[in-house]
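Consider the model shown here, with attention to its helix packing and its salt bridges.

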Amino acid sequence: AEYARVPFADGTLVKTPATPTAEQIPHLMAASDVLGTGWYAADAAGAAPGKTIVVVGDGAVGLSAVIGAKQLGAEKIIIMSRNPERQALAKEFGATHIVEERGEEGIAKVLELTDGVGAHGVAEAVGTQQSFDQALGCVRHGGYIGFVGVPHDSSIGTDKLFGKQVHLEGGPAPVRKYLPTLIDLIYKGEIEPGKVFDLVLPIDEAAKGYEAMDQRTATKVLLTMP
């Protein structure tokens with residue numbers, strides 16, 4: 001809308017530097033949600049120059065965490081994925097290694113890729129017990145876990161955290177904090193997060209979009225108005 005009245009807009013809205021093009025709109029839509037969340041996971045995982053970051057989860061948030069880790073300077077980015085299309089997109093976004101194994105086999109593969117010590121940080125973007133255990137197994141002693149996957153039927157063993165001296169940060173992402181940076185990168189053409197939208201549907205077919213994501217036939221659905 002050209003005009004909108006939004007209470008406390010100075011704390012919620014971020015103005016784009018120019019009217020977005022049709023090509024930029026999907027990227028900005030991603031920035032307002034999944035990209036900001038994935039970026040937060042990468043940031044909380046300590047992504048920085050020279051670091052190795054593991055991403056657990058190859059959905060839109062996990063793929064966005066790859067973008068975040070790459071832009072924050074991570075040297076090695078390992079994503080755990082079994083989906084060929086998502087693997088390809090992860091590599092396009094900056095992933096350097098793909099690990100298809102799960103559980104102890106997946107942890108062993110990550111250890112193999114990190115000289116036996118584990119990653120500096122892990123971005124956990126699923127929220128299950130299995131995914132968090134995977135993250136904890138892949139991170140090195142004294143490392144960082146950024147968890148943004150909404151927890152469901154999972155718990156954290158403090159004894160494991162204590163023994164490994166893991167730094168833990170996560171929860172609902174402070175997307176507003178990152179939006180100026182993300183918008184700038186999009187307008188410069190340096191990132192294209194909208195590529196996570198692999199299905200476009202009219203808004204009255206939103207239920208089909210949820211079904212497609214639930215069945216993993218779509219990574220993220222973009223809804224359009226008539």
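Is Ala18 buried, partly exposed or exposed? Ala18 counts as partly exposed because its relative accessibility is 38%, where buried means under 20% relative accessible area, exposed over 50% and partly exposed in between (1.4 Å probe, protein chains only). Ala18 sits in the segment before helix H1 (24-44); helices (H or I, at least four residues) and strands (E, at least two) are DSSP runs numbered from the N terminus. This is a predicted model, in which local features need pLDDT of at least 70, side-chain atom pairs count only at pLDDT 80 or more, and totals for chains, interfaces and linings use all residues. Residues are numbered from 1 along each chain as its sequence is written, and side-chain values use heavy atoms, leaving out hydrogens and water.

The whole structure holds seven salt bridges, each a side-chain nitrogen of Lys or Arg within 4 Å of a carboxyl oxygen of Asp or Glu. One of them joins Asp58 and Arg86 at 3.3 Å, N to O. Asp58 lies in the loop between strand E1 (52-56) and H2, and Arg86 in helix H3, so this pair ties together parts 28 residues apart in sequence. Asp58 is buried at 7% relative accessible area, and Arg86 is buried at 5%. Asp58 and Arg86 also belong to a network of salt bridges with Arg216.

Glu92 pairs with Lys195, their closest N and O atoms being 2.3 Å apart. Glu92 is in helix H3 and Lys195 in the loop between helix H7 (175-187) and strand E7 (197-202), 103 residues apart. Glu92 is partly exposed at 48%, as is Lys195 at 34%.
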